Amino acid sequence: MSAEAAEASAANGHAASLEVEGLVAGYGEVIALDGVTLSARAAGITAVLGANGAGKTTLLRAVSGMIRPRRGRVLLADDNVAGRSPEQIVRAGIAHVPEGQGVIPELTVEENLRIGMMSWRGKRAVRAAAIEEEYARFKPLADRRRKLASTLSGGERQMLVIARALLSRPRVLLLDEPSLGLAPRVMAQVMDLVVQLSREHGLTIVLVEQNARGALAIADHGVVLNLGRVVASADAATLAADVALRHHYLGF
Amino acid sequence: MVEFLQFTLSGIVFGMIYAAIALSLVLIWRGTRLLNFAQGGMAMFTTYVGIEVIYKTHSYWAGFVIALAAGLVLGAVCELTVVRPTTGKPPLNAVIVTIGLLILLEGLAGIFFGGQYRSFPAAFSIIGLRVGGTPIGVSRFDVFVAVAVLIATLALAAAFRYTAAGLRMRAAAFNATIARLSGIRVARVLTVGWALAGLLGALAGVLVSPSTFLYPNSMDAIFVYGFTAAVIGGLDSAVGAVVGGLILGVVLSYAGGYVGGSVGSDLTSLVALGILVAVLMIRPDGLFAGARMRRV
């Protein structure tokens with residue numbers, strides 16, 4: 001961990017690992033997640049890969065409380081958050097950036113950002129400084145702070161959603177397809193940002209991606225899901241080198 | 001010309017009351033996509049609380065303030081006890097629950113306060129004001145009615161726009177999932193929305209009752225007009241609710257005033273229906289509905 005990372009994680013408490021143990025979740029009769037166990041190292045990037053319907057999005061939803069897990073544990077550091085509501089889980093330090101449609105288009109850019117700070121109390125000056133920090137990180141947002149979020153481009157919306165998640169002061173960031181629908185150049189910027197957040201700010205990142213090649217290029221560790229179960233879990237480099245696995249599950 | 005001015009001004013006064021009811025319906029609709037059929041009943045009940053306090057204390061303002069406070073409390077209690085259990089169930093469940101709540105409140109009012117017509121005092125003189133000897137169709141109390149609703153509306157609008165609590169309510173209304181993922185306690189926000197709706201209803205009840213008498217069903221017609229105003233405005237829009245209320249108030253005032261007699265007063269509900277049908281034919285989502293279609 002770099003010096004900056006140590007400093008940042010000190011500000012956020014500590015960099016925390018996320019352990020998922022035997023998580024079962026689904027929708028009605030359908031079991032979408034059938035006993036998933038994985039470990040996301042503190043301040044690392046864990047890529048969650050697999051085909052459509054493999055259970056990647058359900059995994060993030062069950063971790064953040066959007067759906068209630070039927071069984072299993074979700075340990076943030078040593079705190080089991082499984083079964084809590086989303087508003088409690090974000091307070092515990094897990095921020096979830098859902099796939100697509102993550103901004104509230106009827107609100108301004110700045111209002112969208114202020115929503116990100118609803119999980120903690122703080123003086124007006126502290127809050128203003130926190131927002132300025134995100135404007136410094138995402139300069140295009142600073143120029144449009146009074147504009148409605150509906151006027152933003154796809155890339156800017158993705159920035160806004162990530163900035164809002166960061167404003168909740170998370171220790172773990174769950175990203176669902178952050179590069180979906182973005183131009184290749186913007187996609188590369190988003191991936192660079194993800195690396196920066198983990199390396200420099202000590203954030204633990206769980207990255208769900210359809211673009212397996214791109215995700216494994218920046219991840220430390222990779223987990224492959226199929227039909228709600230873990231079929232492979234290894235170093236990102238090992239997974240990327242496994243021709244059979246790539247062929248069967250990752251499509252590259 | 002004088003008549004026209006009189007009808008317009010008194011129409012605006014009644015329109016403001018419809019607007020208050022419409023706003024209270026919009027508040028709940030935006031948060032939960034639920035039409036609160038008990039809104040009129042809640043307003044009636046809290047108005048009874050107000051009149052009892054006025055009789056006990058001989059102070060209009062004590063009754064006024066306590067009626068509004070009772071509206072806040074009743075709104076929150078209704079949400080927590082009756083509406084909350086319908087969360088996640090088919091939308092019709094909540095609708096039926098609010099209709100049941102209306103019947104319950106009207107029954108309880110009959111038991112506690114009696115079924116007879118009671119006159120509700122006005123805060124100010126109800127004798128028509130004159131300008132240069134010509135009556136202008138409104139009294140001091142009517143002016144108070146319009147100003148009170150205006151202040152409540154502006155205060156609400158400012159709170160929604162400029163406070164953190166207002167932002168939480170807007171975020172929860174636009175996208176409850178994102179709001180919850182950001183740490184907003186959406187369930188609590190909905191309770192606050194119902195409380196505010198209860199307060200607006202109580203205000204409307206206290207303001208309209210000097211003109212209508214108070215009895216367990218006295219708010220039924222006001223509710224229907226408030227609902228009509230909300231639909232004209234688009235159900236989603238606070239501005240629409242106020243404009244819808246004013247349009248309805250003024251047009252009904254012309255209908256009742258120019259036609260006159262019992263025909264005129266019977267005509268008003270027909271005219272209200274006519275306006276509703278006309279608006280919905282031209283703009284099916286109401287005058288101020290957003291361009292974007294919403295999933296209901």
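**Where the two chains meet, and what lies on each side**

Start at the interface: 15 residues of chain B and 20 residues of chain A make the contact, two residues being in contact if their C-beta atoms, placed from the backbone, lie within 7 Å. On the chain B side, the elements giving two or more residues are α6 (164-174) and α7 (176-181). That side divides into 7 nonpolar, 4 polar and 4 charged residues; Ala, Val, Leu, Ile, Met, Phe, Trp, Tyr, Cys and Pro count as nonpolar, Asp, Glu, Lys and Arg as charged, and the others, Gly among them, as polar.

This is a predicted model, in which local features need pLDDT of at least 70 and side-chain atom pairs pLDDT 80 or more, while totals for chains, interfaces and linings use all residues. Residues are numbered from 1 along each chain as its sequence is written, and chains are lettered from A and ligands numbered from 1 in the order in which they are written.

Now for chain A. It has 11 helices and 10 strands, taken as DSSP runs (H or I, at least four residues, for helices; E, at least two, for strands) numbered from the N terminus. The C-alpha trace of chain A spans about 50 × 40 × 35 Å along its principal axes. Among contacts in chain A between residues at least 6 apart in sequence, 69% link residues at least 24 apart.

Back in chain B, look at helix α1 (residues 2-32) and helix α5 (residues 140-162), whose axes lie 9 Å apart at an angle of about 35°; axes are lines fitted to C-alpha atoms, for helices over the stretch in contact, and angles run from 0 to 180 degrees between N-to-C directions. Among the residues making this contact are B:M16 and B:L23 of α1(B) and B:V149 of α5(B). Its residues divide into 12 nonpolar, 2 polar and 1 charged.
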